[in-house]
Amino acid sequence: MPQAYYSTVFEHSADAVWRVIRDFKNYPVWVDGAGSSDIEDGRAGDAVGALRNVIYDGCRIRQRLLALSDVERSQVYGFAEHADAPVANYCATLRVTPVVDGDRAFVEWWATFDCEPASAPERCDFFRDAFARWLGSLRRQLQRQAAA
């Protein structure tokens, strides 16, 4: 099973980073290109099983929150239906870990999925690059918050 992985260090505390990304509905707050995000059936954005209906770059994507841990500052989600990407059984984890030196945060995002073996390197690159872009968006959002 292929795995795409990206990690980075933020000059913000793990708690500050987690506050922004914890709510599964907050995707448009910190991801450039995300237009709207709603949690279906009136569930809360931190309820395991919540179904996020998000518009990203004009495409509708439905994702289900599979796990959320405030202790580990992590969330696990998957596609709720077939995605435009040629993958199946997509499962992603986003985790924030404190870096004690400087009160910073180590943020990592990875996904496992099934795909045609020949396309695995391309799919891994695609998701890794997407994670990097989205965490870049998060970095800019946190900088804007700190400046305000």
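Let's start with aspartate 46, which forms a salt bridge with arginine 22, the closest N and O atoms being 2.9 Å apart. By salt bridge I mean a side-chain nitrogen of Lys or Arg within 4 Å of a carboxyl oxygen of Asp or Glu. Aspartate 46 sits in the loop between strand E2 (34-39) and strand E3 (51-56), and arginine 22 in the loop between H1 and helix H2 (27-30), so this pair ties together parts that are 24 residues apart in sequence. On those labels: helices (H or I, at least four residues) and strands (E, at least two) are DSSP runs, numbered from the N terminus.

A quick word on the source: this is a predicted model, where local features need pLDDT of at least 70 and side-chain atom pairs count only at pLDDT 80 or more, while totals for chains, interfaces and linings use all residues. Residues are numbered from 1 along each chain as its sequence is written, and side-chain values use heavy atoms, with hydrogens and water left out.

Back to our pair: are they buried or exposed? Aspartate 46 counts as partly exposed at 32% relative accessibility, and arginine 22 is partly exposed too, at 23%. The cut-offs are under 20% relative accessible area for buried and over 50% for exposed, with partly exposed in between (1.4 Å probe, protein chains only).

How many salt bridges does the structure hold? There are 11. One of them joins the side chains of arginine 123 and glutamate 122, at 3.6 Å, N to O. Here arginine 123 is buried at 10% relative accessibility, whereas glutamate 122 is exposed at 51%. Another links arginine 128 with aspartate 129, with 3.2 Å between the closest N and O atoms; arginine 128 is partly exposed at 31%, and aspartate 129 is partly exposed at 38%. There is also a network of salt bridges, linking Glu11, Asp101 and Arg104.

Now for the helices. The axes of helix H1 (residues 14-21) and helix H3 (residues 120-147) come within 11 Å and cross at roughly 110 degrees. That makes H1 roughly perpendicular to H3, a label that covers 65 to 115 degrees; under 35 is roughly parallel, over 145 roughly antiparallel, and the rest oblique. Axes here are lines fitted to C-alpha atoms, for helices over the stretch in contact, and angles run from 0 to 180 degrees between N-to-C directions.

Which residues meet there? From H1 we have Ala16, Val17, Val20 and Ile21, and from H3 Leu138, Leu142 and Gln145. Contact means heavy atoms within 4.5 Å. The residues of this contact divide into six nonpolar, one polar and no charged.

Last stop, the strands. Serine 74 is in strand E5 (residues 74-79) and is buried at 7% relative accessibility. Beyond neighbours within four places in sequence, serine 74 is in contact with Trp18, Ala67, Leu68, Ser69, Leu94 and Arg95. E5 pairs with strand E6 (residues 88-99) in the antiparallel sense over five bridges, where pairing takes at least two bridges found by DSSP. Within that pairing, valine 76 has threonine 93 in E6 as its bridge partner.

E6 in turn runs antiparallel to strand E7 (residues 104-114), joined by 10 bridges, with alanine 105 in E7 as the bridge partner of proline 98. E6 and E7 form a hairpin with four residues between them, and glycine 102 in the turn has a positive phi of about 90 degrees.

Key
Ala, Val, Leu, Ile, Met, Phe, Trp, Tyr, Cys and Pro count as nonpolar, Asp, Glu, Lys and Arg as charged, and the others, Gly among them, as polar.
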